[in-house]
Amino acid sequence: MKYSDIVNLRAMRPAYNIQEEGLGEWKTFIANDQFNGILNNMIKAVRNNDADNHKSVWIAGTYGTGKSHAGAVLKHLFCDSIDDIREYVEEEYRKEKYAKLRNSLLNVRSEKRLFPVNLYGQQSIAHEEDLSLQIQREIKRALRKAGIEITVKTDFDSLVEHIDEQPAIWQTLIDSNTMLSSVVPDLKKLKQLLQNGDTEVLERVRTAQRTAGIDIRLQIQNMKDWIFEVQNALKQQGVYDGLLIIWDEFTEIMTSSIGGRLLVLLQEIAEAMMNPENNSYFLFISHPSALLTLKEEEREKTKGRYHYVAYNMEPVSAFKIMSKKFKIVNEELYEQRKQHFYALHHELLNTFSQTSTDPAETIENIMNLYPLHPSTANLATYYAREAGSSSRSVFEFLADDSVRNFLDNETYYEKGLTITADYLWDYVQPNFEKDTMRFGAVTERYNSHHITVEAAGANHLRVFKGVLLLNALNNIANSDTVTPSEENIHNLFVGTDVENDLQDILDFLNDKSIIQRQPNGNYSILFTALPGEEIQKIKEELMSSNYLYTDQVIKFGDTARNAFDKNFRQVARPISYQFFSRQSNEYTLLNRIENTKASARDYEIFLAILVARNQEEMFALKDIAERNSKEERFGNVVFLVMETPFGDKEYERFIEYQANAQCAQSHSLPKQRETYAKNASEMIDEWIKRMRGYNATFYLHNDSMTIVGSRIVSTINTAVAPQIFTAGPESLELIQTKGCSVTYWAKKAVKATVDTILSYQTKEEILKSASCSGPGRHVEFLLQDSVDDNLDWKSDIDPNHPLKKVCNYVDEYLSGRHTNKNQTFNLGDKLIELTKPPYGLYQSYAPMTMVAFAMRKYVDKIYDTNGKPRKAKHLVDDVVEMFAAWEKGKQSNKLNFMFESREAGKLSRSLIQMFSLKKLKGYSDISSLKDAKAAIQYEYTKEKGFPLWSLKYCPSEYNTEDMRTLITNVMQVVSDPESMKNPTLLNDTINGFEAQKFE
């Protein structure tokens, strides 16, 4: 036999979800005095006969208190039909003491009924203007789900207003939707029908909007009017009198970067709801921390605008809620076991029911928790209220495997054991380990001594865990039932196999100095386990050196770097960044930014991320960024000020963790050091997460842009990069909108794509190539509006098209005044500026395509140092080599080339004809003056057996003075290495040849 044969655990959701309720699930709620107070306030508000009480409701409670379930009950009590709730109300409030509340509720419900609308959490609200969109969308969704069709004046007005503001969108909508265009051929007709209140056209517009995925945001004033128009339309239908807008997890809204501003907008609506002609209400459900974003004075004013109720988990009501978790399988055996235990230990029932307004009911609830020990249940409620989280609540504890294993253990059933406090300790310890500020001393004591205690016996360890749990909760809760007194320790194990040995175990803990008995009899732990004076000294040293500045804090470990690296993987162009903060002076900060920028590659976006400890530092950094972003030396530095300060209190906590970690290290306590260091890292992690929900401001050139932190990457891709690299690929709108995939921008030497661009002769051939599709789609975008099918520039090409700009630059530096003919130059050095703003080219599809296209016109026009022209296949290698050299930051001798002047080319052809050079062995492909010179110097004279000057002495009638001058000039051209730089000599030789040649 085992406990699970007589009692088991119900499958219950750990958190109530108003939006996904099961049928009748709300009725499992256990009402208590707190809830009844909220219900009474709600009745007064909905009755609407007292201006002071006619206002919305705000429930604030910690995780696991049942606030969402309470909100769901309010929704059903005021929104379901009265016939559907009557049975629940009369059963739940059947006792005489609830007669007034019961009658008041049923009376107000006989007169009023509200229509429910559910919202949850952030609701995809990133900007203030999103608020009206989300509220309107959820109200419409709820009406549609209920089969209610309502059209109000503001629906028409908002659409007409939007048509005037965005006519292009609406024209596109008409053109693309035949159902709409069949009745409204143009915007003028559409506006006319909407202004006339044509409901058929409105429905067609809504259908077209849904098909196109378009939502029209209402202005907040229009939103307010729209809500009350909907309210009045509902009332006219005769079923509902107003709206109940329930917003669960409202904490997410309040703690967002725009939470304060959103609350102001919502309060405008809430205040209008207080007007006697209105019967609509908000029901906000949040964590108590939601209002901490406001100043104290504003916080109190806000509470006054609502029926604001702090919803706590009280032990008395928690016992009843927890008892619902147990499902009786064998009623007879369960009652026998339960009655036997409490007959022997009735004093426990008195201990935990003495604060109850209904002791008899509380005693019944405690007994129904069997085999959970009542002391364990008491501690569990305080843990849930004071230290728990949504993921580790008291209800999660009851569903834990350790509890299930207990119920399935035959030995435990045979001995009549109960679930004692050590089970709860095992469950909550991981959470305590994360919160060393509140529980570090307790977890450190456990980590330091649990092996010694366990060696003394299993019961010793159980008592040790129980005493630690009392200490942990006593540190945060104000209750006599959780102080680590001998009485409370005894209560933890009343009726267990530990009870008889308890005093010996406590003596062991005291004698071994594991947990010592204090003069007042308590087994208290001093919540500073490490030497206080030593820690204080370390803290002072850390604050004056290692973590004097905020950038030193964020650079602790690799938490921040890893988080930003992960986020920046979606930045298209290569990016380099570093964290900075306020230093001893502005000069030092700016020098550090400048020096760090110098180590970044020219084609990278360089981000100077400025972080602050507090608001004062943040505003100082914004001022520095704004002023210096206009300076020339920071022309391409992107200053990014994160408007989420670390916080002075958080800084002190961080220093506390670091000091404890360092102190633990010096005392050879590696586990404690690891715990404190981990907590410090988690603080950084939490800071980074907060940054995503708050504002950040970019400063670049003479411009600034404030966005929410979660949009940093998209802003860099679409706004920041194009502003720096105005002639880079991202300056093309097509690439901005369609080519932001990071695979398109991946850094790689795309030789196949370069080959395609240089070798193919039509756009169609290029775009059909596999090397220009898939990740190479940037090629298509670059060519689409710039060149025709023959790869010639289109007549209407935008002069700012990046492909055109790159080609112009290449032409200027290769064909223009920047390159001397007949002189060697290095192609990589000549075009190095292409790696810098405004171009920013690097090894990738688009940049290499742009340069390859620019080099097409130089096929057979550039010569290597041997005088051979570079064919298309050669230029493919040259472009790839050039990008590789740029990436390495080194000059490549493979890129040494030259251009041949017009004179040199003509003279080359003259010499070939003059000496029949192409008939020489091995010189059939002479293509430059350098080739021709080599042929004469090394092969022609060798074949003839005479030096060139001998021609001057040849007896012939043609050997005139002019002929001898020509021979002299040829000799100088051939023998002088610098002759190609002498245009006079080249021209004289050409002219001499033309004058002396004859058939």
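Mentor: Start with Cys 772, which counts as buried at 3% relative accessibility. Buried means under 20% relative accessible area, exposed over 50%, and partly exposed in between, with a 1.4 Å probe and protein chains only. Cys 807 is buried as well, with a relative accessible area of 6%.

Mentor: Two notes on the source. This is a predicted model, in which local features need pLDDT of at least 70, side-chain atom pairs count only at pLDDT 80 or more, and totals for chains, interfaces and linings use all residues. Residues are numbered from 1 along each chain as its sequence is written, and side-chain values use heavy atoms, with hydrogens and water left out.

Trainee: How many disulfides does the rule give?

Mentor: A disulfide is a covalent bond between the sulfur atoms of two cysteines. The test is a pair of cysteine sulfur atoms within 2.5 Å, and the count here is 0.

Trainee: Is Asp 551 buried or exposed?

Mentor: Asp 551 is buried, at 4% relative accessibility. Asp 551 sits in helix H29, residues 550-554; helices are DSSP runs (H or I, at least four residues), numbered from the N terminus.

Trainee: Which residues are in contact with Asp 551?

Mentor: Contact means heavy atoms within 4.5 Å. Beyond neighbours within four places in sequence, the residues in contact with Asp 551 include Phe 579, Phe 580, Arg 592 and Val 611.

Technical notes: Helices (H or I, at least four residues) and strands (E, at least two) are DSSP runs, numbered from the N terminus.
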